[in-house]
Amino acid sequence: MSFGFDSQQINMRRVLFLLLCFIGLLSSNLCCGHASNGRGDQPLAQINIYKASLALDTSVHIHASPQVLGLKGEDTEWVDVAISNPKHSSNDWIAVFSPAKFDSTTCWPWQPQTKEKSPYLCSSPIKYTYMRNYPEYTKSGNVIVKLQIINQRADVSFALFSGSLDQPVLLGVSNPVAFVNPKAPVYPRLALGKSWDEMTVTWTSGYNINEAVPFIEWSSKGLPARRSPAGTITFNRNSMCGEPARGVGWRDPGFFHTSFLKELWPNREYTYRLGHDLFNGSTVWSKNYTFVSSPFPGQDSLQRVIIFGDMGKGERDGSNEYNDYQPGSLNTTDQLIKDLKNIDIVFHIGDITYSNGYLSQWDQFTAQVEPVASKVPYMIASGNHERDWPDTGSFYAGQDSGGECGVPAETMFYFPAENRAKFWYAADYGMFRFCVADSEHDWREGTEQYKFIEHCLATVDRKTQPWLIFIAHRVLGYSSNDWYGKEGTFEEPMGRESLQKLWQKYKVDIAFYGHVHNYERTCPIYQSQCVNNDKDHYSGTFQGTIHVVVGGAGSHLSPFSSLTPKWSLVQDYDYGFVKLTASDHSNLLFEYKKSSNGQVHDSFKISRDYKDVLACTHDSCEPTTSAS
């Protein structure tokens, strides 16, 4: 069944919706447009670490090996955790802690203290898994659990608990294990700079500037090797806006270094490595990496772009508590790695890690995407799970960031914004212009962001950069997701009212959104009406923007409305991502691919010459005069 709404019906439904929100008859999640159930979805949030009690048992033995990791320069290692518990139960679970010492001496003064009892534990583990996942343990209490550990600047221990997650009982703790150099530079993230001939490299280490000088050494065949300095920044617990980020979820994030590689030749392969000159005269090096520099804006060459949202992270060691949370994340990552030679740039458009105030997860995420982000620019946008927190200037008053209020995302990744606390920016890549909006700040007409969006759209030269792309995390355009259907207008509240005239005026080819965890493509549309009835090939004069929801890269899926609007051409309740391929100035191929197998599930082509972009269409005509 399909249906459409006229503008009067839409406005009446909107008034009713906002009134119900105001008087409290609709849930805050619906009124705030949340795509998830808030920070409670984070597996670590299920552990009430403050209620942990001690019942250390001498009959419980836990041994982790090898004790020294990264002897060959690895930043990820598998550890065997041998567990023996003669009093085993089906409620037992094992947790990974880093630093290895996690007793009450690590408690921050702000954390719960009472005269009757102070907490034994105040820091969350990095991850955990139920022992009932291991049949050998449930039978005998003896098992070797293989867990994957990444270098996160501190040693690691493994703790066995009994009881529920809400009433943890600590039974035993393993010996510590550690990387041979826990401070080593790791997990480089490439990003476009503010100039076409610039690439930025950001990485993480344990070295502050009073210990070592960070830099990048880079070269290309036929060119002399160069060194570029790097700046160093970090953030602390006081930078966080609330719990759990300020409390049980806090973990020292290390230091973040960004270097700007400038005056790059277009489409040239460069080799680089991360370096830190220690004050004792030695140098700490990372392994070697490569990237291909950006094409000149307007350059006519093959250019391939990946776009997705809401991926999060997974665990390769079978910690299914995480894989149940973001079951598609590893599949999406693996498909990108598999096809990396055919990818030039990636846009991850919000809800990046779903750390939700548990800071250790940012390291886990950067380790997961390192094969991609170290090779091609990995551009990000801000989502509710990065930014939203009450009374912090975010447009929405939810708590989805878990108290992070944007700080980790804005600090750990580079993006070419004028003010990184205002997460909107323009990015040029060859024949593409990307206008990346920040849906967690007000975008409506008259605001600073609205002026930016119009400027970004208006300043592109369409004869050299014909492909104009709009990006935002929340659905500021169209989605037939279940809760948007209940709201009645199939969009984020107040989403497209101000922006649709800009999309039409400046002839935006495609608008992409995340937030909704599924895939959906509209017809070319303006003011809720299809303006083109084709489905797989659009040619000639621009008539309307195609809106695409591509938020199914990893996190739990979102259902569609039981009613399907006429403008909804393709829906997929599955995990996937989009690939755009510009072969020249007149032809763009769109492909939506499944994360499970990389196969194309939906596709269309746009064939458009410059005269077609200049041509007049509804509400996009330039003024004319009858004078000769």
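A disulfide is a pair of cysteine sulfur atoms within 2.5 Å. This is a predicted model, in which local features need pLDDT of at least 70, side-chain atom pairs count only at pLDDT 80 or more, and totals for chains, interfaces and linings use all residues. Residues are numbered from 1 along each chain as its sequence is written, and side-chain values use heavy atoms, with hydrogens and water left out.

**Exercise 1. Disulfides**

Task: Find how many disulfides the whole structure has, then describe the one that joins Cys241 to Cys405.

Solution:
- Step 1. A search of the whole structure gives four disulfides.
- Step 2. In the Cys241 to Cys405 pair, the S to S distance is 2.1 Å.
- Step 3. The torsion about this S-S bond is about 80°, so the disulfide is right-handed.
- Step 4. Locate the two ends. Helices (H or I, at least four residues) and strands (E, at least two) are DSSP runs, numbered from the N terminus. Cys241 sits in the loop between strand S15 (226-233) and strand S16 (255-261). Cys405 sits in the loop between helix H7 (384-387) and helix H8 (407-412). The pair is 164 residues apart and links distant parts of the chain.
- Step 5. Check exposure. Buried means under 20% relative accessible area, exposed over 50%, partly exposed in between (1.4 Å probe, protein chains only). Cys241 has 32% and is partly exposed. Cys405 has 8% and is buried.

**Exercise 2. Two more pairs**

Task: State the handedness of the disulfides Cys435 to Cys456 and Cys523 to Cys530.

Solution:
- Step 1. Cys435 and Cys456 have a torsion of about -95° about the S-S bond, so their disulfide is left-handed.
- Step 2. Cys435 lies in strand S24 (residues 432-436) and Cys456 in helix H9 (residues 448-458), so the pair ties together parts 21 residues apart in sequence.
- Step 3. Cys435 is buried at 1% relative accessibility. Cys456 is buried at 2%.
- Step 4. For Cys523 and Cys530 the torsion is about -90°, so this disulfide is left-handed.
- Step 5. Cys523 is buried, with 1% relative accessible area. Cys530 is partly exposed, at 30%.

**Exercise 3. The nonpolar core**

Task: Say how many residues the largest nonpolar core has, and which residues Phe434 touches.

Solution:
- Step 1. Recall the term. A nonpolar core is a set of buried Ala, Val, Leu, Ile, Met, Phe, Trp, Tyr and Cys residues joined through side-chain atoms within 4.5 Å.
- Step 2. The largest core holds 69 residues. Phe434 is among those with the most contacts inside it, as are Phe308 and Leu580.
- Step 3. Helix H6 (residues 360-373) gives the largest share of this core, five residues.
- Step 4. Now look around Phe434. Contact means heavy atoms within 4.5 Å. Not counting residues up to four places away in sequence, Phe434 touches Val305, Phe347, Tyr425, Ala426, Ala427, Tyr429, Cys456, Ile469 and Ile471.

**Exercise 4. Gln67**

Task: Place Gln67 in the chain and list its contacts.

Solution:
- Step 1. Gln67 is in the loop between strand S3 (61-65) and strand S4 (68-69).
- Step 2. Gln67 has a relative accessible area of 44% and is partly exposed.
- Step 3. Leaving aside neighbours within four places in sequence, Gln67 contacts Asn175, Pro176, Val177 and Ala178.
- Step 4. Gln67 and Val177 are 110 residues apart along the chain, yet their C-alpha atoms are separated by 4.3 Å.
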